[in-house]
Amino acid sequence: MTTIELPFPTSGTAGVPAADGPQTGKEFTSDQEVRWCPGCGDYAVLKAVQSFLPDLGLRRENIVFVSGIGCSSRFPYYLDTFGMHSIHGRAPSIATGIATAREDLSVWVVTGDGDALSIGGNHLIHALRRNVNMTILLFNNRIYGLTKGQYSPTSETGKVTKSTPMGSVDHPFNPVSLALGAEGSFVARTIDSDRKHLTAVLSAAAAHRGTSFVEIYQNCPIFNDGAFDAIKDHDTKADAIIPLVHGEPIRFGALGEDGQPTKGLVRSANGGVEVVSTVSTSSTTEGPTEADLLVHDAHDPDPTTAFAISRLTDSGYLNQAPIGIFRSVERPSYDDQARAQVASAKEAAPGPAPDKLAALIGGGDTWTVV
């Protein structure tokens, strides 16, 4: 599953200086030794990002990666760009300040399911609703890896870990549903082992003006190995992956006699979406046909359908998961509007800069304390 529809161009890197000439992935690779466990999915994501960054056509000094705490948060060390290994869960807030203060930077956040959705949950949802111009990569391995295997906010109910020896009783977050509920303007999901799809999603996310949220299913071979076997195994992934391509009917499953996937998504009686196990090619045959299938619209301003599709994600052993761009819509970004307000205030206030500042401080509701 590698086909993906790129969104309309939205100049995600507008205002960021272009590179002086062609670049290679090697130029974006730092001299630091990469320290992840053998077989970790982070390696595949890192390589994809290093290879993809030259395609942005930006100077390395105008790209910044901000991370929180966790295995994925080592990411900035391995890129020859500016970066910050910040504090637990607060990477979106720090990135908000950077994006607002420095229009000339392409701002990225690298976080994990524990970092972003536990202690950082509040920071994540407000970055999404504000639509700050940044790209958030959430590595979801459904476990706490750095602290050696405790359950995380995305671990399935019943998960036995060092911190839940009798099985977790928590209901897990669905990161895509959460992002859509927070009015994220760009929300997508991809897989660490599908290099082509991962790179295509990264390209689309980087092109988006506003907050781009990308959940990346990423295997932890030490503490949660096999969490994504259903969507990676050659024998099961056709039935497990629901590919989303803008403008195309949503079909999946093993190929039928007509060469088309046998399953699909249709509108349910309650207005949501549901899976149908057989799609007929003939209108004279009983059951849903191609014409009944839901056509994916990533640019629909109403996120209702995208949310309904996200709910098809199996929160247990991931025997089913929609993959691709759920939503990509245009709306004003927080940092663009904040800078515009500052510029407007400067123009409106008379006199030189020091006098303008004094007028702001002394104007409106003020008190003299004696």
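Modeller: This is a predicted model. I'd start with a pair of residues: Thr-190 has Ile-216 in β6 as its bridge partner.

Biologist: How does the chain get from β5 to β6?
Modeller: The path from β5 goes through helix α6, residues 195-207, and then into β6. This β-α-β crossover is right-handed.

Biologist: And how many bridges join β5 to β6, parallel or antiparallel?
Modeller: There are 6 bridges between β5 and β6 (residues 211-217), and the two strands run parallel.

Biologist: Which way does β11 run against β5?
Modeller: Strand β11, residues 321-328, is antiparallel to β5, with 4 bridges joining them. Val-187 stands opposite Arg-327 there.

Biologist: Is β5 mostly covered or open?
Modeller: Mostly covered: of the 6 residues in β5 (186-191), 6 are buried.

Biologist: Which residues sit on each side of β5?
Modeller: Phe-186, Ala-188 and Thr-190 are on one side, and Val-187, Arg-189 and Ile-191 are on the other. Both faces are covered, and all of these residues are buried.

Biologist: Changing topic. How many cavities of 30 Å³ or more are there?
Modeller: The count is 2. The second largest cavity holds about 40 Å³ of space.

Biologist: What lines the second largest cavity?
Modeller: Its lining includes Arg-102, Glu-103, Arg-209, Asp-335 and Arg-339, along with Leu-105 and Asn-133. By type, the lining residues are 5 charged, 3 nonpolar and 1 polar.

Definitions and conventions. Residues numbered from 1 in each chain as written. Predicted model: local features only at pLDDT ≥ 70, side-chain atom pairs only at ≥ 80, totals over all residues. Heavy atoms only, no water. Buried < 20%, exposed > 50% of the residue type's maximum accessible area, 1.4 Å probe, protein only. Pairing = 2+ DSSP bridges. Right-handed = clockwise from strand over helix to strand, strands pointing away. 1 Å grid on protein atoms, 1.4 Å probe; cavity = no way out; pocket = protein on both sides within 12 Å on 5 of 7 lines; lining within 4 Å. Points joined across faces, edges and corners; volume = space filled by probe spheres on them. Nonpolar A, V, L, I, M, F, W, Y, C, P; charged D, E, K, R; others polar.
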